[in-house]
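The following exercises are to be worked with the sequence and the coordinates at hand. Each task is followed by a solution in steps.

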Amino acid sequence: MVSDKAFSFIGRGNVFGLPVSIRILGAVLIVGEFVLWKTVCGRSLYAIGGNDEASRLAGLPTAFLRTSTYVICGACASLGGMIIASRLSVGQADIGSSMALDSIAVVVIGGTSLMGGEGSVWGSAIGLLIVAVLTNLLDSLAVDSNYQLVIKGTIVVAAVALDAFARSRR
């Protein structure tokens, strides 16, 4: 049981009526969007996602960029874990194990291609809103959590199929 007030403030605190966790999310979204669109590193990540081999042959440090991306993803995951732990006042290793499908659903619904090279931070933010509303709706209707996973999985498969169809049309 976590009882530190400063740590609890991260997940449950409010500043001027807006939760601290939402402010952290906003900051991460703004920094992520800036890095992807306004820096060489971000544009290089899109290039690597589009065609890894061509990016490597063009002289981009693909291994370094891929590794640094994994490090940034790990840091964001740890930040999310800290927010969840501070909201629940409990630290548990498997507490977010059911969030993997939600994470994939958020980015796919937001327009990020699983094939790479396409997507945006703001699209993922919209995908997050859609998945959050869907989850709240299913919870309000008392839909069993297993059926919720099936519904979300079906939406992900449909979004991936739609993306593949759109790519084949281009």
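**Exercise 1.** Locate Thr135 among the helices, and decide whether Thr135 is buried or exposed.

Solution. Step 1: Thr135 belongs to helix 7, which covers residues 121-140; helices (H or I, at least four residues) and strands (E, at least two) are DSSP runs numbered from the N terminus. Step 2: the model is a predicted one, in which local features need pLDDT of at least 70, side-chain atom pairs count only at pLDDT 80 or more, and totals for chains, interfaces and linings use all residues. Residues are numbered from 1 along each chain as its sequence is written, and side-chain values use heavy atoms, with hydrogens and water left out. Step 3: the relative accessible area of Thr135 is 18%. Buried means under 20%, exposed over 50%, and partly exposed in between, with a 1.4 Å probe and protein chains only; Thr135 is therefore buried. Step 4: with neighbours within four places in sequence set aside, Thr135 contacts Gln148 and Lys152 (heavy atoms within 4.5 Å).

**Exercise 2.** Determine how many disulfides the whole structure contains, and examine Cys73 and Cys76.

Solution. Step 1: a disulfide is a covalent bond between the sulfur atoms of two cysteines; the criterion applied is a pair of cysteine sulfur atoms within 2.5 Å. Step 2: the search of the whole structure returns zero disulfides. Step 3: for Cys73, the nearest cysteine sulfur is that of Cys76, 6.6 Å away, and Cys73 is in no disulfide. Step 4: Cys73 counts as partly exposed because its relative accessibility is 46%, and Cys76 likewise counts as partly exposed, at 37%.

**Exercise 3.** Summarise the protein as a whole: which elements does it have, and what share of its residues is buried?

Solution. Step 1: the protein has eight helices and two strands, in the sequence order α-β-β-α-α-α-α-α-α-α. Step 2: along the principal axes, its C-alpha atoms fill a box of roughly 55 × 35 × 30 Å. Step 3: of the 170 residues in the protein, 25% are buried. Step 4: among contacts with a separation of 6 or more, 53% join residues 24 or more positions apart.
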